[in-house]
Amino acid sequence: MKREARSEKREAGRVKREASSEKREAGSGKVLFLLPFCSPLPAPHYLAALLMVVLQFMAAGQSRADDYVFQSQCCTIHYSQASQLESFTGKIRGGAVSRTLDQLFVGGGRSSGQSDLGEVVDSLFKRVQLILDMPMPKLRVEIQIHRDEKEVARVFTQITGGSSNAPSFYWKRTNTIHTQPESLTVGMLAHEMGHCIIDHYFAILPPPKIAEMLCQYVDMEVSGTSGRGGRASVSHFR
Ligand SMILES: [Zn+2]
C-alpha cells in the first residue's frame, strides 16, 4: 500500500514535470534550451552559449512585445510601455465615440482617468456586435499595441511573409488585433474588432470583400464619418 502511494506520488511528480515542460514550450519559445553549466565546456563556449540565449530572448521580445498586459472582460491588451497604453486610451476615448458609447451603454459613469479603459474597450466590442447583429457574449480578443506603424508593418511581414502599409490588422490564427497609437482611431479599432467577430460568428466565412465591407460599415457607424477621403484604415487577412 505504501509502495503504491509512493508510486502514485512519483507519478504525480512526473505529471507535474511534464506540465512544467509544456508550460515552457508554450512560453513562445523563450526557453528553448538550457545553458550547460555542468558540462566541461571551455570558457569561450560558455560565452557563445550565453550570447545565443541573450539573442534568443531579444528575438522573442521583438516578435511579441508584451511586457505588460491589461485585462478587461472581453479584451487582453498587450503593450511594452505605459505611454503606449495611455496613448491608446486617449485615441479611443475621442469625443464623438464617447458620445456614441454613452448613448448605447447608459449609466457607465466613466471618469476621465485610465481606469475605465476596460469599460471603454468592452463597450466598443459589444457595440460592434450590435452593429453587426452578431451577438457573441463569450468572445474575447487580444490587442497588441506596437510602437508605430513601421512596427506594425514589420510584424505583419514576420507573421505573413507579405508586406502591407495597413496601420492595423487582425490576425485570426492568434485572434489578435495588431495596432499602434500613432494613427489609431476608434473607428479603426472597431473595424478590426468587426473582423474578429465576423471570423468567429460564421461557421463558413463570408468572402473577404464582404467581410471588409461590413467592417467599413462598422467604422462609419462608430466614427460617424462617411469613410471617404480618409486613409484606408485597415486590411483584412486570414
Ligand atoms: Zn478590414
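**Walking through the model**

Tutor: Of the 238 residues in the protein chain, 28% are buried, where buried means 20 or more other C-beta atoms within 10 Å of a residue's own, exposed means 12 or fewer, and partly exposed is in between, with C-beta atoms placed from the backbone. This is a predicted model, so local features need pLDDT of at least 70 and side-chain atom pairs count only at pLDDT 80 or more, while totals for chains, interfaces and linings use all residues. Numbering starts from 1 along each chain as its sequence is written.

Student: How many helices and strands does the protein chain have?

Tutor: There are eight helices and six strands, taken as DSSP runs numbered from the N terminus (helices are H or I, at least four residues; strands are E, at least two). Reading from the N terminus, the order is α-α-β-β-α-α-α-β-α-β-β-α-α-β.

Student: What share of the contacts comes from residues 24 or more positions apart?

Tutor: Counting contacts with a separation of 6 or more, 68%. Two residues are in contact if their C-beta atoms, placed from the backbone, lie within 7 Å.

Student: OK, the core. Which residues touch the most other members?

Tutor: In the largest nonpolar core, which has 37 residues, those are Leu124, Phe125, Val128, Val141, Leu189, Ala190 and Met193. A nonpolar core here is a set of buried Ala, Val, Leu, Ile, Met, Phe, Trp, Tyr and Cys residues joined through C-beta atoms within 7 Å. Helix 7 gives the largest share of this core, eight residues.

Student: And what does Met193 touch?

Tutor: Leaving out residues up to four places away in sequence, Met193 touches Leu124, Phe125, Val128 and Val141.

Student: How do helix 5 and helix 7 cross?

Tutor: The axes of helix 5 (residues 117–132) and helix 7 (residues 186–201) come within 9 Å and cross at roughly 65°. Axes are lines fitted to C-alpha atoms, for helices over the stretch in contact, with angles from 0 to 180 degrees between N-to-C directions. On the helix 5 side, the contact is made by Leu124, Phe125, Val128, Gln129 and Leu132; helix 7 brings Val186, Leu189, Ala190, Met193, Gly194, Ile197 and Ile198.

Student: Is helix 5 about the span it should be, or off?

Tutor: It agrees: the 16 residues of helix 5 should span 22 Å, and the end C-alpha atoms are 23 Å apart. The expected span is 1.5 Å times one less than the number of residues.

Student: What comes just after helix 5?

Tutor: Asp133, with a positive phi of about 60°. Asp133 sits in the loop between helix 5 and strand 3 and is exposed, with 7 other C-beta atoms within 10 Å.

Student: Where is Asn175, then?

Tutor: In the loop between strand 4 and strand 5 (176–179). Phi of Asn175 is near 50°, again a positive value in a residue other than glycine, and Asn175 is partly exposed, with 15 other C-beta atoms within 10 Å.

Student: Is Thr176 buried or exposed?

Tutor: Buried, with 21 other C-beta atoms within 10 Å of Thr176. Thr176 belongs to strand 5 and, aside from neighbours within four places in sequence, contacts Glu142, Gln144 and Trp171.

Student: How far is Thr176 from Ile77?

Tutor: Their C-alpha atoms are separated by 9.5 Å, with Thr176 and Ile77 99 residues apart along the chain.
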